[in-house]
Every structure is written in structure tokens, then in C-alpha cells.
Amino acid sequence: MGRAGGGGKMRLLPLIAATYFMVSGGPYGLEDVIGMAGYGRALLLLLVIPVVWSLPTSLMVGELAAAIPEEGGYYRWVRRAMGEFWGFQEAWLSLAASVFDMAIYPTIFVLYVGRIEPAWTSGYRGTGWALAVVVVCMVWNLRGARAVGEGSVGLFCVLLSPFVVLTAVGLWKGLVGGGGLGMAGMGIPMAGAGLARADWAGAVSVTLWNYMGWDNASTVAQEVEEPQRNYPRAMLMAAGLVALTYVLPLAAVGLAGIPAARFSTGAWTDAARELVGPWLALCVVLGGMINGGGMFNALMMSYTRVPYALAEEGLLPEVVERKNRWGVPWVSVAVCSVGWALALRLSFERLISIDLVLYGAALILEFVALVVLRVKEPGLARPFKVPGGVWGAVGMGVGPVLLIGFALWAARGSRWLGCRRWGLRGLWPRRGRWFI
């Protein structure tokens with residue numbers, strides 16, 4: 001598989017940090033959930049969805065990544081369980097989702113640059129900033145998985161430091177200083193009042209997006225130290241960190257009395273300015289830029305290993321297998337970066353809808369692979385195992401599949417769903433040739 005990146009393999013702490021950025025990147029992105037649902041309902045979603053979505057998914061990833069620690073991750077699991085055809089469907093669904101997913105993070109970066117000075121991102125300048133994020137992260141990734149993982153640790157600390165201050169001040173003002181609005185201010189209606197105004201479908205979809213991506217770290221398994229031991233630990237620790245860094249800031253600003261109706265993308269800046277002052281607002285803006293860049297950087301490491309794995313098995317040209325001296329598939333990194341750059345002009349809401357449905361379809365295949373491998377290969381060494389036997393594996397997928405179904409229902413009016421005419425038969429390569 002070549003040499004590990006950056007002169008060595010990624011250890012547990014960098015793996016946790018990289019996983020955190022592949023899933024979350026901090027409270028940025030929650031603003032729309034608050035604005036759509038109110039504080040109380042947003043808090044309810046952020047507490048319930050991890051139990052029925054994040055926990056089952058992280059347990060599934062923990063078992064399969066520990067049992068099959070191969071480069072390509074989820075693609076290898078599905079292929080081993082169900083054969084070459086379904087393995088390829090897993091790969092193209094994930095890569096198609098990545099086109100829309102990866103365009104989101106430079107967009108977030110540009111949104112926060114514009115908070116400093118709107119003129120900096122007007123017109124072509126916004127696209128220029130977004131392209132700069134793509135190029136910088138591409139160069140960073142070419143230094144290897146270890147460089148990305150260790151960089152994620154530092155970015156994690158810098159990113160969350162403004163929210164530590166914001167949360168502390170918000171909780172103090174709400175609980176001690178008497179500035180809170182109580183349960184009604186948190187958006188929990190009395191006798192059901194106001195529920196009709198809540199955009200539940202939108203709030204659930206954005207919350208799911210903020211909690212998805214647990215399988216992404218699996219694609220660099222050959223570049224992780226002791227993957228059988230570290231993947232399950234990293235999944236569970238990252239899941240706890242994500243939930244904690246979502247719930248605490250949300251509760252703090254709600255208790256401090258900031259109206260939920262004022263929240264939309266980028267509103268953490270205004271909350272920091274109101275509760276503490278301009279200096280913290282600037283820190284939150286800089287953190288938002290780190291959020292966009294850090295998530296793009298970590299996910300680039302993940303997604304670019306899938307074309308490499310496909311090329312190893314003859315489903316993509318051999319040139320995609322080429323690695324540099326740090327063991328990075330540099331051709332895959334370059335080609336994927338170009339593809340992601342082409343989607344930078346799509347709107348934020350459209351990106352989330354498309355990304356969620358494509359990712360959801362790929363995730364369902366992974367849960368199916370978990371069950372099939374329990375039946376097909378009962379003797380497979382599983383250093384970490386979801387409890388409950390075959391039925392326990394089946395049960396892991398129930399909550400995520402139901403939520404994916406809801407996301408499909410919520411997106412039923414989107415015009416892009418007309419792309420269903422593509423079908424599966426038109427997206428299957430024979431070795432060395434493509435049939436479209």
C-alpha cells in the first residue's frame with residue numbers, strides 16, 4: 001500500500017481530531033437549525049439524533065474498520081460483502097456525494113471572510129477565496145495523512161477556543177446573571193403554540209448533515225497506527241465530542257436570551273459580539289474560516305483514497321494509483337480537487353439536500369454490508385463487535401435508515417431528483433472500459 005504519510009502513521013489523537021473535522025468542525029452550521037426550529041426543539045434534535053444516527057453509525061464503522069482495515073474503507077467493506085458491482089455503487093455514490101459535500105466548506109470559509117469585510121468576497125473575489133481553500137488543502141494533503149491528522153489537532157483547539165468563552169459567558173448570564181428567558185425563551189412552546197411555524201423537515205435535514213460522515217475516516221486505514229484498536233476508540237470519542245460541542249454553545253446562547261429568529265448561517269458572530277464584544281466576534285469569524293478549511297482538508301484525505309482503491313482493482317486507470325514520496329495518491333488528489341472546484345457556485349441549501357441523499361444511499365449499503373458479513377464470514381476476526389449477534393447488526397441500521405427515508409421525503413420537491421433516470425446499469429464500468 002506504500003509508505004504512510006508524513007514519515008509515519010496517524011495515531012489515536014490525530015485520528016480523533018481528523019474524524020471530528022470529517023463530521024463536525026464545531027458548532028458552525030447549527031445556526032439554521034436554531035432559526036428553523038427554535039432553541040428547545042433544536043436542542044431536542046441535537047440530543048436525540050446522535051442516539052439514533054451517530055451512535056449506530058459509529059459502532060458500525062468501529063466494527064468494520066477494525067475487522068477490515070484496508071485503504072478505501074467503506075468501498076472495501078461493501079465489495080467484500082456483496083461483490084464488485086455493489087462495491088462500485090458504494091464508491092460512486094460516495095464520490096458523487098463528495099462533489100456536493102466538498103463545495104460546502106469553501107462556501108462556509110467565504111461566508112466568514114465576508115463577515116470581516118464584505119467587499120473582500122464580492123463578485124469574483126468570493127470564488128477566488130474558495131479556490132484558494134482548495135489549493136492550500138491540496139498542498140497540505142500531499143504531505144500525507146499524518147500531516148493532516150496532526151494539523152487537525154491544532155485546528156481543533158484554535159477553532160473551539162472562542163466557543164469556550166462564548167459558552168461560559170452565556171451560561172453565566174443565563175443561570176447566574178438573570179439574563180435568561182427560561183424554557184419559553186429556549187423555544188419550547190406552551191400547549192403546542194408556535195409548532196406550526198417550525199420548519200421540522202429543514203431542521204432535521206440540517207441536523208443530520210451536521211452529524212454525518214462517521215465512515216469517512218475509514219478510507220485511510222492503512223495510514224493509521226493500530227487501526228484494529230484505534231478506530232473503535234476514535235469513533236466513540238469523536239461522537240461524544242461532537243455532541244458536546246453542539247449542545248453546550250446552543251444552550252448557552254439560548255439561556256442568555258438571544259432570540260432564535262435571529263439565527264442563520266454566520267449568526268454565531270453576532271452572538272459573540274452581543275454577549276462579550278467585538279474581539280470575540282472576530283475570533284468566531286476566524287474560527288468559521290478554520291471550520292471551512294479544516295473540514296475540507298480532512299475530508300480531502302478521506303475521499304481521495306476511494307479512486308485510488310478503485311484503480312487498484314482495475315475500475316479506474318492505473319495512473320490514479322500513483323503515489324508521491326509521502327505515500328499519497330497524488331493523481332487522485334489532483335483530479336478530485338478539480339471536480340470539487342467545479343461545484344463551488346451551488347447554493348448552500350441545494351448542496352446539503354443533494355449531499356444528504358447521496359450519502360444516505362451509500363450509508364445504507366454499509367449497514368447492509370455489516371449484516372451480510374456477519375452471516376457470510378462469522379469467523380472474521382472482529383477486534384470490536386457490535387453486540388447482539390446478527391439481529392444486533394440489523395438493529396443498528398434501523399434508526400439511520402428511517403432518518404434517511406425522512407430526508408428523501410423532505411427533499412421530494414427538489415428538481416435534481418429527476419436525475420433518477422441515470423439508473424444503476426449506466427454507471428457500471430467493465431475493466432478498462434466505461435459504459436454510459
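A residue is called buried when its relative accessible area is under 20%, exposed when that area is over 50%, and partly exposed in between, with a 1.4 Å probe and protein chains only. The model is predicted, so local features need pLDDT of at least 70 and side-chain atom pairs count only at pLDDT 80 or more, whereas totals for chains, interfaces and linings use all residues. Residues are numbered from 1 along each chain as its sequence is written, and side-chain values use heavy atoms, with hydrogens and water left out.

Helix α2 covers residues 31–67, where a helix is a DSSP run of H or I with at least four residues, numbered from the N terminus. Because 29 of its 37 residues are buried, α2 is largely enclosed by the rest of the structure.

The structure also holds eleven aromatic pairs, in which rings of Phe, Tyr and Trp (its six-membered ring) have centres within 6.5 Å, with planes under 30 degrees apart counted as stacked, over 60 as edge-to-face and the rest as tilted. The rings of Y20 and F21 lie 6.1 Å apart at their centres with planes at 85°, so this pair is edge-to-face, and both residues are buried. Y105 and W209, by contrast, are stacked, at 6.3 Å centre to centre and 15° between the planes; this pair links distant parts of the chain, joining helix α4 (residues 84–116) to helix α8 (residues 200–210) across 104 residues. Y105 counts as buried because its relative accessibility is 2%, and W209 counts as buried at 5%.

Note on methods:
Helices (H or I, at least four residues) and strands (E, at least two) are DSSP runs, numbered from the N terminus. The expected span of a helix is 1.5 Å times one less than its number of residues.
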